[in-house]
Amino acid sequence: MARGGIYKSEVLRARDKLVAMGRYPSIDAIRTELGDTGSKATIHRYLKEIEEEEGGGVGKKVAASEAIQDLVARLAARLHEEADTRIAEGVARHVALAQQQSDAAAGLRKEAEAFRLELERTQQALADEQARHRETAETLRRETLTRTQLAQQVSDLQDRVAVGEQHRQSLEDKHQHARDALKHFRQSAKEQREQELRQHEQQVQYLQGELRAVNRTLATKQEEVVRHQQESHRSTTELARTQSDLQQARSELRALTQVKEQVASTEQRADEIGRRLVEQQALVDRLTERNATVEQHATELRDRAQALEIELATARAASMTHDQLIADIRAQFDVAKPVETTEAAKGSGTKPQRRAQAKGQNPESKSAT
């Protein structure tokens, strides 16, 4: 018998409420809905009366077994419990997987941020290297221009040295000709004097008796000596002028020697500049190689960042797929609940139908019961 406050109308309202909620209106569920009041027999009797009232005369002819109804109710409750358990496990796995995916995504984002910072530093280093490379190229251009100017100056100085050498050679030739002329004149004068001395001796030996002739000849010879002396004086004057020209040529030669020393110093400076240019070129080559290495490293970092972004997008897609799968399972389960409720309601009809349903239970459900 039902305890105080339990009526058939309350059992009817509880059953309708459970059906509206999509739950199977079993005896235990109705008793729970009523606040755990009333006996199962009373609730079963009220349910039977309600079904007879709703089913009319057909329901009165069929007597349902309370054991079968209780078995069906327990099976339905067990199915609901298993479904809830599976849903809870699926949700837990999904939460764990989502947390794992979130942690992995956070790690990937941190790694991507680290790679981005490293890429920015690498790009800044590359920009600095490029700026230094431009400065080195500008220095190389200036040094090349300076070397070209110095080479032009060296060429001009060499031309001047060549001109000075030609002038010196011309003066040397003139001096040589003057020396040769002076030597020839001295030799001629010496030979002439010797010849005159011989003639004089012959005349002294052979014309001692002819004093007048000798005096006239002596006067003639004295005039010739005077003329020769004048010629000798002119030769001496030319020699002095030639020596003066030689002294001037020596001064010009000393000036040319200084110019040659300047040219040698300029060539040494040009060699030093050439050596510095070689060092600058080697530095430019090293900077070019380092620039290529930095660019390759930056390319690798960009490729790795793209791969990480692809992995992150894949992880997000997998997470969205898992969420969609859980949503589909919940939707299918929500759709399946009214169907089970309807079949359970139909199962409480005729006795042959209940027997068929009882016989149609799978071994897994019987073993669970």
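**Surface, fold and cores**

Modeller: The protein chain exposes about 25900 Å², and carbon and sulfur atoms supply 53% of that area. Please keep in mind throughout that this is a predicted model.

Colleague: What share of the residues counts as buried?

Modeller: Of the 369 residues in the protein chain, 21% count as buried.

Colleague: And the secondary structure, how many helices and how many strands?

Modeller: The protein chain has 8 helices and 0 strands, and the pattern read along the sequence is accordingly α-α-α-α-α-α-α-α. As for how the chain meets itself, among contacts between residues at least 6 apart in sequence, 77% join residues at least 24 apart.

Colleague: Which residues make up the largest nonpolar core?

Modeller: That core has 12 residues, namely Ile-6, Val-11, Ala-14, Leu-18, Ile-27, Ala-29, Ile-30, Leu-34, Ile-43, Tyr-46, Leu-47 and Ile-50. The elements that give two or more residues to this core are α1 (8-20), α2 (27-33) and α3 (40-55), and the largest share, 4 residues, comes from α3.

Colleague: What does Ile-27 touch, leaving out residues up to four places away in sequence?

Modeller: With those set aside, Ile-27 touches Lys-40, Ile-43, His-44 and Leu-47. There is also a second, separate core of 7 residues, which includes Ala-105, Phe-115, Leu-301 and Leu-308.

Colleague: Why does Arg-304 count as partly exposed?

Modeller: Arg-304 counts as partly exposed because its relative accessible area is 44%, which falls between the 20% limit for buried and the 50% limit for exposed.

Colleague: Last topic, confidence: what is the mean pLDDT of the protein chain?

Modeller: The mean pLDDT is 76, with 80% of the residues reaching 70 or more. Over residues 56-64, however, pLDDT stays under 50, and the model has 9 contacts for them beyond four places in sequence. Residues 339-369 also have pLDDT below 50, and beyond near neighbours in sequence that stretch has 35 contacts in the model.

Notes
Residues numbered from 1 in each chain as written. Predicted model: local features only at pLDDT ≥ 70, side-chain atom pairs only at ≥ 80, totals over all residues. Heavy atoms only, no water. pLDDT = per-residue confidence, 0-100. Contact = heavy atoms within 4.5 Å. Buried < 20%, exposed > 50% of the residue type's maximum accessible area, 1.4 Å probe, protein only. Areas by Shrake-Rupley, 256 points an atom, 1.4 Å probe, with all protein chains shown as cover. Core = buried A, V, L, I, M, F, W, Y, C linked by side-chain atoms within 4.5 Å.
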